[in-house]
Amino acid sequence: MTLYPGDLILTGTPEGIGAGRKPPRFLSDGEVLTSRIQGIGELRQSFVASRG
């Protein structure tokens with residue numbers, strides 16, 4: 001597959017996937033998710049707990 005400038009790469013998991021792990025695992029405040037594609041680069045997403 002050829003990627004071109006402006007192409008979007010959408011990723012994700014079904015709702016509840018963390019609950020199905022043993023033990024359950026969820027992203028927490030302050031954790032960083034890094035998505036990396038060799039030859040293209042990486043995207044880092046920091047998680048912040050909801051304040052509401």
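Ile-9 is partly exposed in this predicted model. Ile-9 lies in the segment before strand 1. Together with Met-1, Leu-3, Ile-37 and Ile-40, Ile-9 makes a nonpolar surface patch of about 560 Å².

One member of that patch, Ile-37, belongs to strand 1, which spans residues 32–37. Strand 1 runs antiparallel to strand 2, residues 41–46, and six bridges join the two. Within this pairing, Arg-36 has Glu-42 of strand 2 as its bridge partner. In a regular strand, side chains alternate between the two faces of the sheet.

Strand 1 and strand 2 form a hairpin with three residues between the strands. In that hairpin Gly-39 takes a positive phi, near 85 degrees. Most residues other than glycine have a negative phi, and most peptide bonds are trans.

The peptide bond between Lys-22 and Pro-23 is cis, with omega about -5 degrees. Pro-23 is in the segment before strand 1, and Arg-21 is placed in the segment before strand 1 too.

Is Arg-21 buried or exposed? Arg-21 has a relative accessible area of 51%, and the cut-off for exposed is over 50%, so Arg-21 counts as exposed. Along the chain, Arg-21 and Phe-47 are 26 residues apart.

Notes:
Residues numbered from 1 in each chain as written. Predicted model: local features only at pLDDT ≥ 70, side-chain atom pairs only at ≥ 80, totals over all residues. Heavy atoms only, no water. Pairing = 2+ DSSP bridges. Helix = DSSP H or I, 4+ residues; strand = E, 2+ residues; numbered from the N terminus. Patch = residues over 30% accessible without salt bridge, like charges linked within 9 Å, V, L, I, M, F, W, Y side chains within 5 Å. Areas by Shrake-Rupley, 256 points an atom, 1.4 Å probe, with all protein chains shown as cover. Salt bridge = Lys/Arg side-chain N within 4 Å of Asp/Glu carboxyl O. Buried < 20%, exposed > 50% of the residue type's maximum accessible area, 1.4 Å probe, protein only.
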